[in-house]
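Visitor: Please take one part of this model and go through it closely. I would like to hear about the salt bridges and what they connect.

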Amino acid sequence: MIRRPVPAKADITSPGSVRPGYLPGVTTVILTLNEELHIARAIASAQAFSREVLVIDSYSTDRTVEIARALGARVIQNRWINYARQFRFALEHGLIRTEWILRLDADELIGNDLAARLRQDLPLMPADVTGIVLKRRHVFMGRWVRHGGRYPLHLLRLWRNGLGEVEDRWMDEHVRIRSGRAITLPGCFSDACERDIAFFVSKHNGYAAREAVDVLAHRYALFDHCETLTVRGSGWQARAKRWMKERVYNRLPFGMGPLLYFLYRYIAQLGFLDGRAGLIYHAMQGFWYRFLVDVRVLELERAMRTCATREERLAVLREHTGLQL
């Protein structure tokens, strides 16, 4: 097994120090599967501040790997299971040697202002700062969705090598830091998928199956581990949303959650100000997708109604979702 270098214990008293065993700078990790439409843009935005760009590809059949290598990215291919395990593969087998690691989706990009701030601030960052939260904006059908609770989305995406980990979940996985503290840096960080609405529907159909598995796994204690988020390790917004989803939303009667959530986003959080593109986005992502998850949970729970053991329930979920649980 390939192992990363093990650093000596960090000195957390002096700002700007690089721990022994690591190189200064950032490695940006991008997960890909048939992303020839976006990969050049993502790599270019990362190269503005990164020492290296590492692409973990799930055996794309288009030109993704060719484009990435031509632009100077290092590419490793690995069979896909889910986002969390693919990123854990990158951390364990990617031979990442830099002090900092940034997670970037193929359809995301870092703006020039944020890239400049990262180049300037990271070398001087106090050593007890081990995580960086970025404020992501969502661009849908060419429009920045500013309302409906969609901006800013605070995501911990940058952390010191060896001090961050990815939750082992099928959906909505977050990065957590094991020690130290996280701060927020301002700047343009965008999710700007350029694919059509048919891709949006197909992608969210897959998301719904994975999220339904997470709901049922929590409900029936199907997995041995229990992932938890903390304010210190992952940020207040991620923790608050997880608590609300698991303690309140997932316990509402069938169909009520999606309706209330859409009305809250579209009216109380002023989603109607996002125009026609915003209406489409909030209706599909805030209602249709959430309702689809409810339907999938209902469907899978019915399929498990005669199951008496955890193993039987997992077998049913594997059969009906095709996921490698």
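Guide: Arg 85 has a relative accessibility of 31%, so Arg 85 counts as partly exposed. This is a predicted model, and the values here are computed from it. The side chain of Arg 85 meets that of Asp 168 in a salt bridge, with 3.4 Å from N to O. Arg 85 sits in helix α3 (residues 83–93), while Asp 168 sits in the loop between β9 (164–166) and β10 (175–177), so this pair ties together parts that are 83 residues apart in sequence. Asp 168 has a relative accessible area of 17% and is therefore buried, the cut-off for buried being under 20%.

The general idea is simple. Side chains of opposite charge can pair when their charged atoms come close.

A second pair is made by Arg 41 and Glu 194, whose closest N and O atoms are 3.1 Å apart. Arg 41 belongs to helix α1 (residues 39–47) and Glu 194 to the loop between β11 (181–191) and α5 (197–220), so the bridge ties together parts that are 153 residues apart in sequence. Arg 41 is partly exposed, at a relative accessible area of 24%. Glu 194 is exposed, at 52%.

Arg 103 counts as buried because its relative accessibility is 7%. Through salt bridges that share partners, Arg 103 and Asp 105 belong to one network with Glu 108, Arg 136, Arg 157, Glu 173 and Asp 191. The structure holds 24 salt bridges, among them the pairs described here.

Now for the strands around that network. Strand β4 covers residues 98–105 and runs antiparallel to β8, joined to it by three bridges. One of the partner pairs is Ile 101 with Trp 159 in β8. Strand β6 (residues 129–140) also pairs with β8 in the antiparallel sense, over six bridges. There, Val 133 has Leu 156 of β8 as its bridge partner. Strand β8 itself (residues 153–160) is mostly covered, with eight of its eight residues buried.

Buried residues make up 50% of its 325 residues. Of the contacts between residues at least 6 apart in sequence, 74% join residues at least 24 apart.

Note on methods: Residues numbered from 1 in each chain as written. Predicted model: local features only at pLDDT ≥ 70, side-chain atom pairs only at ≥ 80, totals over all residues. Heavy atoms only, no water. Buried < 20%, exposed > 50% of the residue type's maximum accessible area, 1.4 Å probe, protein only. Contact = heavy atoms within 4.5 Å. Helix = DSSP H or I, 4+ residues; strand = E, 2+ residues; numbered from the N terminus. Pairing = 2+ DSSP bridges. Salt bridge = Lys/Arg side-chain N within 4 Å of Asp/Glu carboxyl O.
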